[in-house]
Amino acid sequence: MNPPNLNRSQRVKPVWRWLWRVGVKPLYIEPGSPWENGYLESFNGKLRDELLNGEIFDTLLEAQVLTQRWRRHYNTVRPHSALNYQPPAPEALQPRPPASATPQLTAMAMQAVGLT
């Protein structure tokens with residue numbers, strides 16, 4: 001949590017000084033220049049089109065739940081053109097096939113129910 005007696009500028013300056021000392025240089029992205037940060041602009045556009053333009057959030061909790069649901073769909077179900085129209089995490093969609101069609105009781109389970 002930010003100390004209430006410091007404004008944003010006072011909190012950010014020490015971070016900028018440290019970044020400068022360790023050799024990190026700022027990269028300025030012109031506002032309204034999506035070609036300078038295409039991946040983020042693409043994601044922001046999809047988030048806006050697929051979620052934000054279609055929802056009116058009445059509470060913070062509703063916004064969190066619906067955003068989480070959309071994020072899960074975006075990362076596991078929705079096909080991505082950069083991945084040859086596959087979802088980024090297709091393994092999340094494919095459940096493991098059962099080892100056997102008939103349920104098998106382990107020795108411990110059989111002992112617990114008195115079958116041995």
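Helices are DSSP runs (H or I, at least four residues), numbered from the N terminus. The model is predicted: local features need pLDDT of at least 70, side-chain atom pairs count only at pLDDT 80 or more, and totals for chains, interfaces and linings use all residues. Residues are numbered from 1 along each chain, and side-chain values use heavy atoms, without hydrogens and water.

Arg 78 lies in the loop between α3 (60–76) and α4 (107–112). Its side chain makes a polar contact (a pair of N or O atoms within 3.5 Å, one able to donate a hydrogen and the other to accept it) with the side chain of Glu 50.

| Item | Value |
|---|---|
| Arg 78, relative accessible area | 14% |
| Arg 78 to Glu 50, polar contact | 3.0 Å |
| Largest pocket, space | About 220 Å³ |

Arg 78 also belongs to the lining of the largest pocket, as do Tyr 39, Lys 46 and Tyr 74, among others. A pocket is an open set of points on a 1 Å grid where a 1.4 Å probe fits, with protein on both sides within 12 Å along at least five of seven lines; lining residues have an atom within 4 Å of a point. Helix α2 (residues 38–50) gives the most to this lining, with four residues.

Notes: Grid points are joined across faces, edges and corners, and a volume is the space filled by probe spheres set on the points. Helices (H or I, at least four residues) and strands (E, at least two) are DSSP runs, numbered from the N terminus. Buried means under 20% relative accessible area, exposed over 50%, partly exposed in between (1.4 Å probe, protein chains only).
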